[in-house]
Structures are given as structure tokens and as C-alpha cells.
Amino acid sequence: GGASSEWVYADEGLGLGVQGGPFAGVGNRGHRTYPFMWSRYAAQLVWQGVALDTLAAIAGAPPNAGRALLLMSSASVVSLAAAAALTTPARLPFLLIGCISLAGVALIISEQVLGGPEGNAIPSKGGLGPKAPRAARRLVTRLALLLLAVLPMYPVLLLCSEISHALPPDVSVLAYAALDISGLCLFSLTLLRGLPSLGTQA
């Protein structure tokens, strides 16, 4: 086998083949191991859902769209976590479900947040409305594009790390950290900087 066959999870007694510790190391059989951090996926489940719910609220997306975003966001994180934890071909359906869920998130953002009347970045009903200040429209657009840029990178990184083993485990950990920080911190900072524009709407 190739180099990828050397990569395993350290603790094979959990049934899922997941590692108990937060760092990559060397297993009992001399194999290098990928880390699996449940806490990271739990944190992503929270911040990703909160970010999408916040975006839907300030953009005035219909309530059904907001609930659909939360449902698909949760499904994507849970599915990708399962795909990362499993070490057998059974992980592939979970990877597919995660990708489909993220595609649904992107579709709702495109249609309900960025697909407002006459190309405006605000939907026709609720929230800011078609006469919202230009600064508020820019804020919604920036938040939406940020999430559309960050979220699809998670399954790509999963393919490059836990599934294909193309990335070393330390690089994988750093890449996940960079994505989490980009998603959470940049979204929060962009929102905080744009709050005054929301307060000036009529």
C-alpha cells in the first residue's frame, strides 16, 4: 500500500476508530495517527448555526428559510464529523450528506439573502427591506459571501486530511483551526463593525 495506508486512528476500541487525545501521535502498532476532536465539531455546530441564524435575521429571510438553514447546517456538521470519525468506506455516505447539506445552505443564502429584488442583497419581505441603507446591504453581502467562502472548505479539508491523508496531521489541525477562526472571528468582527449601519435603517 501507499503512504496513506500508514495513517490510522490511535484508539480502535471505540468502534468508530477515533483517537481519544487531541493531538496526533504514534499508535501501538507504530502507525502515525490523525487526531479526532469532538469538541471542535461541537464548537462548529454552535458557531455555524448561530452565524447562519444571525445572517438570516438581519437579512430579513423568511422564518422557514432560517429554520432550513439551521437544519442543514446541523446536518452538515454532524455528517462531516461522522465521516471524519469512521475509518471504513461507510464514511462516504456521511461525506455525501454533508456536501449536500452545505449545497442546500448555499442555495438558501443565494436565493433568500443575496437574491433580493432587482439584484439587491436583501429579500423583498421582512428585515431590512428593499429601501435599506446601502451600508446595511453591504454588511449582509459581506457576511453571506464570507460564509459561502468558508463553509465549503470543510469537506475539502476532510478529503485532503482524514480521507486521503494527503496532509500531515499537524497541518490538518492548523488548517481546521484557520477555518474555524476565519469563520467565527471574521464573521463576528464584520458584524460588529457593521452594527451601526443596521441601527440607521428607517
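**Helix packing around α3**

Me: In this predicted model, which residues of α1 meet Leu102, Val105, Ile109 and Val113 in α3?
Reply: The contact joins α1 to α3, and the α3 side consists of Leu102, Val105, Ile109 and Val113. By kind, the residues of this contact divide into 7 nonpolar, 1 polar and no charged. On the α1 side the residues are Gln48, Leu52, Leu55 and Ala59.

Me: Are α1 and α3 roughly parallel or roughly antiparallel?
Reply: Helix α1 covers residues 38-59, and its axis comes within 11 Å of the axis of α3. The two axes cross at roughly 15 degrees, and the crossing is left-handed. Angles under 35 degrees count as roughly parallel. Therefore α1 and α3 are roughly parallel.

Me: How are α3 and α4 directed, roughly parallel or roughly antiparallel?
Reply: Helix α3 spans residues 91-113 and helix α4 spans residues 134-150. Their axes come within 10 Å and cross at roughly 165 degrees. An angle over 145 degrees counts as roughly antiparallel, so the pair α3 and α4 is roughly antiparallel.

Me: Which residues of α4 meet Ala106, Ile109 and Val113 in α3?
Reply: α3 passes α4 in a left-handed crossing. The residues of this contact divide into 6 nonpolar, no polar and no charged. From α4, the partners of Ala106, Ile109 and Val113 are Val140, Ala144 and Leu148.

Me: At roughly what angle do the axes of α3 and α5 cross?
Reply: Helix α5 runs over residues 153-163, and its axis comes within 11 Å of that of α3. The crossing of the two is right-handed. Because the angle falls in the range over 145 degrees, α3 is roughly antiparallel to α5. The crossing angle is roughly 160 degrees.

Me: How many charged residues are in the contact of α3 with α5?
Reply: α3 brings Arg91, Leu95, Cys99 and Leu102 to this contact. From α5 come Pro155, Leu158, Leu159, Glu162 and Ile163. Arg and Glu count as charged, whereas Leu, Ile, Cys and Pro count as nonpolar. The division is 7 nonpolar and no polar, and the number charged is 2.

Me: Over the face of which residue does Arg40 lie?
Reply: A charge sits over a ring if CZ of Arg is within 6 Å of the ring centre and within 35 degrees of the ring normal. Arg40 is placed at 4.3 Å from the centre of the ring in question. That ring belongs to Tyr41.

Me: How many aromatic pairs are there?
Reply: Rings of Phe, Tyr and Trp pair if their centres lie within 6.5 Å. By this rule the count of aromatic pairs is 0.

Terms used
Residues are numbered from 1 along each chain as its sequence is written. This is a predicted model: local features need pLDDT of at least 70, side-chain atom pairs count only at pLDDT 80 or more; totals for chains, interfaces and linings use all residues. Side-chain values use heavy atoms; hydrogens and water are left out. Rings of Phe, Tyr and Trp (its six-membered ring) pair if their centres lie within 6.5 Å; planes under 30 degrees apart count as stacked, over 60 as edge-to-face and the rest as tilted. Axes are lines fitted to C-alpha atoms, for helices over the stretch in contact, and angles run from 0 to 180 degrees between N-to-C directions. Helices (H or I, at least four residues) and strands (E, at least two) are DSSP runs, numbered from the N terminus. Angles under 35 degrees count as roughly parallel, over 145 as roughly antiparallel, 65 to 115 as roughly perpendicular and the rest as oblique. A crossing is left-handed if the near helix is turned anticlockwise from the far one by less than a right angle, and right-handed if clockwise. Contact means heavy atoms within 4.5 Å.
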